Amino acid sequence: MTRPDDSLVARLAALLKQVRLGLEPEGDGWAILYEKERHPVAELPLDDLDASCEAAELLAVAAAFEAAVKYPGQLAPGEELREGAAPLLPKIERARFVRAYDAVVAGAGRDDAHRLLARDFGGGLVTCYVHEAGWRFDYVIAGRAAGWDTTLDTIHSVARSNLFARAEVDYRAREVAVGDGYDAARAIIVGDVFYDRLKPGGLAIAVPSRDRLFVGPEIDAAAVRAAYEAATYPISPDVLVFDSHHVTRA
């Protein structure tokens, strides 16, 4: 395993410290420290970071480590789809988030059932799924979803429907900022809310942060970059093109 750059490790450690997590070398690898717990990590996924959005890439790793250590997804034997799907909502994350979460799973020696359930969204982003419990949420893992005896497409459709019903979004808006932590995720329901703007070539959108969504057809790339750089939880500085259920970089 190639050792990551020391400066990147230091920046990751600083992000983890903000959420009361420590990071230490352990043999040939690493361990995350939380209170009196020590969590081995299979890897620090800091290779090939996208230089145009390095801050978001690093934050994705830190956020995934926090989720996997503090709020790990749970198996729910015997749970039916309708029961499990009731509080299901989507989250847009960088693809590196999934790799980092699964690195904690692998470090703990857990099987694939404990890996994160995710679906490619395009543009370096993925859709993950969470169980919303008001004051906290935990991510849905593959084993829990497998127990529902359904497809990822169905799970995605349920999460989309729940998000659509969660808050009314003005179909005339050029920017969505409900402020409930799911504004970036509303990118997946652009076709439902802003269907009159969809053209054969798609629709320009941007998700600079977890709490902002820009909707075109015209979007100022400089404004997206500024929103990304000002964000507490940045996601992507790119203008994207939404077409059906996926995005590509403009």
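## Two helices and their lengths

The expected span of a helix is 1.5 Å times one less than its number of residues. Helices (H or I, at least four residues) and strands (E, at least two) are DSSP runs, numbered from the N terminus. With that in hand, look at α2: its 17 residues should span 24 Å at 1.5 Å a residue, and the C-alpha atoms at its ends are 24 Å apart, which agrees. Helix α4, residues 95–107, has 13 residues and reaches 19 Å from first C-alpha to last, close to the 18 Å expected.

A quick word on where this comes from: the model is predicted, so local features need pLDDT of at least 70, side-chain atom pairs count only at pLDDT 80 or more, and totals for chains, interfaces and linings use all residues. Residues are numbered from 1 along each chain as its sequence is written, and side-chain values use heavy atoms, with hydrogens and water left out.

## The whole chain

The protein chain has eight helices and 12 strands. Its C-alpha atoms fill a box of roughly 55 × 45 × 30 Å, taken along the principal axes. Does that go with a compact or an open chain, and what is the radius of gyration? For 250 residues, a compact globule would have a radius of gyration near 18 Å, and the protein chain has 18 Å, which agrees. (That radius is taken over C-alpha atoms, and the globule rule is 2.2 Å times the number of residues to the power 0.38.)

Buried residues make up 50% of the 250 in the chain. Here buried means under 20% relative accessible area, exposed means over 50%, and partly exposed is in between, using a 1.4 Å probe and protein chains only.

## Inside the helices

Back to α2: 15 of its 17 residues are buried, so the helix is largely enclosed by the rest of the structure. In α4, the buried residues are R96, F97, V98, A100, Y101, D102, A103, V104 and V105. After α4 comes G109, with a positive phi near 75°.

## The largest pocket

How much space lies in the largest pocket? About 580 Å³. The closest to its centre, of the 30 residues that line it, are V19, A63, E66, R210 and Y233. The elements giving two or more residues to the lining are α1 (6–18), α2 (54–70), β7 (137–139) and α8 (221–230). Of these, α2 gives the largest share, seven residues.

For the record, a pocket is found on a 1 Å grid over the protein atoms alone: it is an open set of points where a 1.4 Å probe fits, with protein on both sides within 12 Å along at least five of seven lines, and lining residues have an atom within 4 Å of a point. Its volume is the space filled by probe spheres set on the points, which are joined across faces, edges and corners. The lining divides into 18 nonpolar, four polar and eight charged residues. Nonpolar covers Ala, Val, Leu, Ile, Met, Phe, Trp, Tyr, Cys and Pro; charged covers Asp, Glu, Lys and Arg; the others, Gly among them, are polar.

## Strand residues and a proline

V130 sits in strand β6, residues 125–132, and counts as buried at 0% relative accessibility. Beyond its neighbours within four places in sequence, V130 is in contact with P87, L88, L89, K91, F137, D138, Y139, V140 and Y182. P87 itself is in the loop between α3 and β4 (88–94) and is partly exposed at 26% relative accessibility. Leaving out residues up to four places away in sequence, P87 touches V130, H131 and E132.

G122, in strand β5 (residues 118–122), is buried too, at 11% relative accessibility. G122 and H245 are 123 residues apart in sequence, yet 9.3 Å apart in space, C-alpha to C-alpha.

## Loops worth a look

Most residues other than glycine have a negative phi. D149 is not a glycine but has a positive phi of about 55°. D149 lies in the loop between α5 (142–146) and α6 (152–166) and is exposed, with a relative accessible area of 72%.

S244 also has a positive phi, near 65°. S244 is in the loop between β11 (240–243) and β12 (246–249), and is partly exposed at 45%.

Definitions and conventions
Contact = heavy atoms within 4.5 Å.
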